[in-house]
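I opened this model to see how its parts are held together. These are my notes, in the order I looked things up.

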Amino acid sequence: MFSQRRIRLLLIAAVVLMVTIFYYSGDAGTIQNQRFYRSTVAAIDAHREAKEAASKQNVQPQKPAAPKPVENAKPVVKEADGVKAAIPKGASEEMEEIPIAGRTKMTVPKNKNQDPPKQQPDPASSEDDPAVKNELNAILKRSPIVIFSKSYCPYSKRAKSILLEKYNIVPAPHVVELDQHAMGQQLQSLLAENTGRRTVPNVLVNGKSIGGGDDVTALDEKDELASTLKSLGGKWIQEVDRKDQNKQAE
């Protein structure tokens with residue numbers, strides 16, 4: 001038989017053993033495993049986030065900083081086409097719309113003591129301007145053949161070269177440099193309305209246009225320029241001959 005002392009020691013050892021077994025196999029072991037798992041996952045997530053942040057800094061361009069708002073700055077509001085300006089409530093009797101340049105309308109306060117502004121009429125065209133019309137008629141009377149030109153235009157230079165240097169024309173053609181004339185722009189507009197040709201050169205024979213530089217060159221190459229000038233000029237043109245033909249005849 002075991003003594004009571006030995007029995008107590010065995011019971012104490014058994015209890016310690018059971019507590020130890022329950023600790024490692026029960027809740028304590030679970031808690032320890034959970035702490036280890038959580039710390040491991042946290043370390044892995046931190047490493048991945050640091051790697052992603054580094055890659056974003058190398059790939060994505062830095063966004064420019066937003067401009068700082070200006071203190072006391074007033075917003076600029078543009079009125080869209082076709083949209084009327086807002087009129088405060090109760091002010092309809094004190095506001096009115098007035099035309100600007102015949103098209104745009106603007107809302108302004110009414111002035112009961114002043115009449116609304118009158119719409120200005122459109123400026124008259126060159127065809128209705130008597131001064132421009134008289135100037136064109138005076139130019140056409142100087143010669144049956146008039147070359148409307150511009151001093152810097154290469155096509156005008158070619159037309160003048162053919163008519164003035166290759167041909168002997170009596171009376172000689174009259175040249176008008178529109179870029180040097182006081183009414184050059186108005187004359188060019190009036191010529192466009194009368195002849196249908198706005199560009200230069202514009203060669204007129206008895207007020208009729210025979211075209212520009214390319215047209216004069218084509219007539220010259222076909223040997224039809226002299227006959228065209230005589231046909232349109234009639235009795236007003238006394239002589240039209242090529243200078244090289246006169247030299248061959250001599």
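**Entry 1: strand E3**

I started with strand E3, residues 145-149. I found 5 of its 5 residues buried, so E3 is largely enclosed by the rest of the structure. I note here that the model is predicted.

Which residues sit on each side of E3? I find Ile145, Ile147 and Ser149 on one side, and Val146 and Phe148 on the other. Both faces are covered. I keep in mind that in a regular strand the side chains alternate between the two faces of the sheet.

Next I looked for the pairing partners of E3. Strand E6 (residues 202-205) pairs with E3 in the antiparallel sense, over 4 bridges. Strand E5 (residues 174-177) pairs with E3 in the parallel sense, over 4 bridges. Ile147 stands opposite Val203 in E6, and its bridge partner in E5 is Val175.

**Entry 2: Gly212**

I then looked up Gly212. This residue lies in the loop between strand E7 (208-211) and H6. Is Gly212 buried or exposed? Its relative accessibility is 0%, so I count Gly212 as buried. The cut-off for buried is under 20%.

I checked its distance to Ser149. The two C-alpha atoms are 9.4 Å apart, although 63 residues separate Gly212 and Ser149 in sequence. Ser149 belongs to the side of E3 that also holds Ile145 and Ile147. Beyond its neighbours within four places in sequence, Gly212 is in contact with Arg197 and Pro201.

I searched the whole structure for salt bridges. How many are there? I get 5.

One of them joins Asp214 and Arg158, with the closest N and O atoms 2.4 Å apart. This pair links distant parts of the chain: Asp214 is in helix H6, Arg158 is in helix H4 (residues 154-166), and they are 56 residues apart. Arg158 has a relative accessible area of 33%, so I log it as partly exposed.

Lys160 and Glu177 also meet in a salt bridge, at 2.8 Å from N to O. Lys160 lies in helix H4 and Glu177 in strand E5, so the pair ties together parts that are 17 residues apart in sequence. I checked burial for both. Lys160 comes out buried at 15% relative accessibility. Glu177 is buried too, at 18%.

I moved on to Asp220, which lies in helix H6 (residues 213-221). Asp220 counts as buried because its relative accessibility is 8%. What does its side chain touch? I find a polar contact with the side chain of Tyr167, at 2.6 Å. Leaving aside neighbours within four places in sequence, Asp220 has contacts that include Ile162, Lys166 and Leu225.

Asp220 also forms a salt bridge with Arg242; the closest N and O atoms are 2.8 Å apart. The pair links distant parts of the chain, with Asp220 in helix H6 and Arg242 in strand E8, 22 residues apart. Arg242 is buried, with a relative accessible area of 14%. Salt bridges that share partners join Lys166, Asp220, Arg242 and Asp244 into one network.

I then read along strand E8, residues 239-242. Its side chains alternate. Val240 and Arg242 point to one face and are buried. Strand E4 (residues 167-170) pairs with E8 in the antiparallel sense, over 4 bridges. In that pairing, I logged Asp241 of E8 as the bridge partner of Asn168.

**Entry 3: a surface patch**

I wanted a view of the outside as well. Leu9, Ile12 and Val16 form a nonpolar patch on the surface, with about 290 Å² of accessible area together. Ile12 sits in helix H1 (residues 4-25). Its relative accessible area is 52%, so I mark Ile12 as exposed.

**Entry 4: the whole chain**

Last, I took the totals. The protein chain has 8 helices and 8 strands. Of its 250 residues, 23% are buried. The chain exposes about 20000 Å², and carbon and sulfur atoms supply 53% of that. Among contacts with a separation of 6 or more, 58% join residues 24 or more positions apart.

Technical notes
Residues numbered from 1 in each chain as written. Predicted model: local features only at pLDDT ≥ 70, side-chain atom pairs only at ≥ 80, totals over all residues. Heavy atoms only, no water. Helix = DSSP H or I, 4+ residues; strand = E, 2+ residues; numbered from the N terminus. Buried < 20%, exposed > 50% of the residue type's maximum accessible area, 1.4 Å probe, protein only. Contact = heavy atoms within 4.5 Å. Areas by Shrake-Rupley, 256 points an atom, 1.4 Å probe, with all protein chains shown as cover. Polar contact = N/O pair within 3.5 Å; in protein donor to acceptor, adjacent residues only side chain to side chain. Patch = residues over 30% accessible without salt bridge, like charges linked within 9 Å, V, L, I, M, F, W, Y side chains within 5 Å. Salt bridge = Lys/Arg side-chain N within 4 Å of Asp/Glu carboxyl O. Pairing = 2+ DSSP bridges.
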